[in-house]
Amino acid sequence: MYILSNASRIRQREAQLARENRAEIVRALNQGEVTRRELLKWGIFTASGYLACKNGLSPFAKSAYAAVPTGTPRTPLFGIQKFSQPMHRLNHLKPLPITRTAEGHAAFPAGLGERPAKRLSYHTDFSADPSNREFINPVTYRGPIEGRPPGEVFAHQRWDEFFPKVGYIMRLGQVAQGSGGYFHDNFPLQHPDSCWTYGGGRSGNCTLPPFLIKGRYGEPIITRIYNDLPTDRKANNGFGRNETQLHFHNAHNGAESDGAANVHHFPGTFYDYRWSTALARRDKINTQAGDPRASGPDDNIGLVNVAGDFRELQGTMWAHDHRFFFTAENVYKGNLGAINYYSGPDRGNEELNDGVNLRLPSGKLLGWGNTDFDVNLIFSDCACDAGGQLYFDIFDTDGMLGDVPLVNFGFAPFFEVLPRKYRFRVLNACMSRFLKLGLADARGNPVPITFIANDGNLVVNPIRMPGLPVQGMGERFDFVVDFSGFKIGDRIRVVNHVRHEDGRRLKEELSLSKALKGTSEDPVVGPMLEFRIVGAVESVDVPGVILRATDPDKSQVPATLTEQIPIVTPVRTRMVEFGKSGTGDSRGPNGCTPDCGEYVSFPWTIRINGESSHSMNANRISLLVPKAGEVEHWTYKNGGGGWDHPIHLHFEEGVTMLRNGQTPPPTENLQRKDVWRLGESGSVTFQIQFGEFGGSYVNHCHNTVHEDFAMLARIQLLTGVPGSPQSAVTPTPNPTPDGVFFTTPEILPEGAPRGWKNTQTQVEAQLETAPKP
């Protein structure tokens, strides 16, 4: 896709003009100046959703000057070389203490001047008295101050049971000027609207690298996100939508705090998320919290027991924007961060030996949550225009590939390590690029790793491997590397083995020796990060403390990390097939299309249990789960066509049973996951059990360009608790700058279990009592 750097000037110019034309289409679509239907009528989009293969537009059209595709210009690097700057650690945010008011609200520290967080949204107060300026958006002077919809349906579930103990105040805004380049300190500064990122505090700078939050079981969190983006949609430097919704991928949270229930909010508003830090199955297993393995660290070196199944403890997670139809653009701009959960077994203190703690590599200076030797690595790619500004390029609906390798949003950095064991938490945060990472020493030999967790879930037994498996977008792999066999001064490189030609799928897996050399066909093949063995480093947990190579390493990787969750006979089975078709639909405002109230054709589709295919519609329930606690077996199937899809299920993890009808590889077999790479025409079968919370969730392709073109299905979870709003189908919220209005969703017959009475009157009765804007 990317042209060679030594291509002729006339070919460079041809590719640049085509790229500018594509950027103009992205800008016009984003700002509502044109619809996809109009682009189809003008011959710019094909009926199947592709950009037409025309010279001057598509990178795949034949060049006017050579018998090759036009291609895409490479990002100018301005003379910057790989491994010329240190890797930046993530921006660790510190929690705020929360107190309970007499009214039962969650109060932030008094000196901050923040309103308390409430079980019901401030939108409920606004709906009761729209003229009260206390509850009106203070920036636009229209609509409510909180984006969370009004009423009981979007109240925080089990509020008293999971009352917040700590809180965070964050803002999403323009990247701070003077904070360095997007991916290198010597790179041109980004325009404020090229990058939109999170900052800690109400007025803190929004900078990259992204944030890191450390949570612990038994300590519920309230996170208030302010939308401080420009009120003018056109102030986005060509791409990105100034409306946001933060998805915590993939914690056990109520739908109102999941971040994907069609509840984006607007500039000037905030949204209060209550992250429960609840352990799954608390209503069924270990209900009296007697198992010390089901626990979180206290403020010293002890434990706080929690109810639930310790086998479902989570660790490495992340959060990112999930604004329907604009997820790819917003995440690409920097709307993401990392969240690590800590538990009794995974304490983040490698020296504490209490019979529960696994003592995985981490550090020892803090009672829990040490990160000196436990490192988050966010791998991604990007592209920039001739002036060095971040550029978003949808050359068709297949995906967005950058040509610059990033780690923690830095261009191919180096990271200094001591000769000892380290734990690395690797996230693939690319929009459309699969990765396959391996380590190579100075001679090009593979450096073995020990695989310990998949999608934040500890594997039962550690797996010794020469390198990581192929990693889809949104997947997280944790592994341990023992650097003790290396000398000070040695260098080890992290190498990407897979080559792409487009966003459809990876083209080929290269050997380590070939990948080390790189390839002009795909600039992100090759080394992405360099480890440098040194004799001393400064602690990130306690700045000023020097850690030395001579310090003893008491960390370990036990032979058993957790226990296996058994496979049982399911209550029901389901087949969810992801495909491509020109006949999908999303129905105007009820389907939350990008501001066009007309029929819109989308290429990607979902098919449930072999019935008719359909595209995403926020007002359509594709899968209904009638009762919490029932075990189901689901199969995700790739409908074919030459694409690969990493499919993400919100809220719950599944125990992986089969891949293509066969036993999966060890890193997946019977392991818990929340993203599954399907492979071309492949399938994955897993066991799933929903519980505790209810409401509207989704499953979708985590190639976010596919997701934004409607490869997403709505799931409705019913709690079965009498009187609970989540015991019935959730009316569909439709956010506007003036407030939220609700519509009655349709329920696909094939999505409801056999024998379930689809009484639409349930939905309509609930809608009758829903607040009106």
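1. Both aspartate 541 and lysine 214 are buried. In this predicted model, the two residues form a salt bridge in which the closest N and O atoms are 3.8 Å apart. The bridge connects distant parts of the chain, since 327 residues separate the partners. Aspartate 541 sits in the loop between β28 (536-538) and β29 (546-548), while lysine 214 belongs to strand β7 (residues 211-216).

2. A second salt bridge pairs glutamate 632 with arginine 572, with 2.7 Å between the closest N and O atoms. Glutamate 632 is part of strand β37 (residues 631-638) and arginine 572 is part of strand β30 (residues 572-580), so the contact ties together parts of the chain that are 60 residues apart in sequence. Glutamate 632 has a relative accessible area of 1% and is therefore classed as buried. Arginine 572, at 18%, is buried as well, because the limit for that class is under 20%.

3. Within helix α1 (residues 9-30), glutamate 24 and arginine 27 lie 3 residues apart, about one turn of the helix. These residues form a salt bridge whose closest N and O atoms are 2.5 Å apart. Glutamate 24 has a relative accessibility of 42% and so counts as partly exposed. Arginine 27 is likewise partly exposed, at 22%.

4. For the structure as a whole, the count comes to 61 salt bridges. The pairs described above are among them, including the bridge between aspartate 541 and lysine 214.

Note on methods. Residues are numbered from 1 along each chain as its sequence is written. This is a predicted model: local features need pLDDT of at least 70, side-chain atom pairs count only at pLDDT 80 or more; totals for chains, interfaces and linings use all residues. Side-chain values use heavy atoms; hydrogens and water are left out. A salt bridge is a side-chain nitrogen of Lys or Arg within 4 Å of a carboxyl oxygen of Asp or Glu. Helices (H or I, at least four residues) and strands (E, at least two) are DSSP runs, numbered from the N terminus. Buried means under 20% relative accessible area, exposed over 50%, partly exposed in between (1.4 Å probe, protein chains only).
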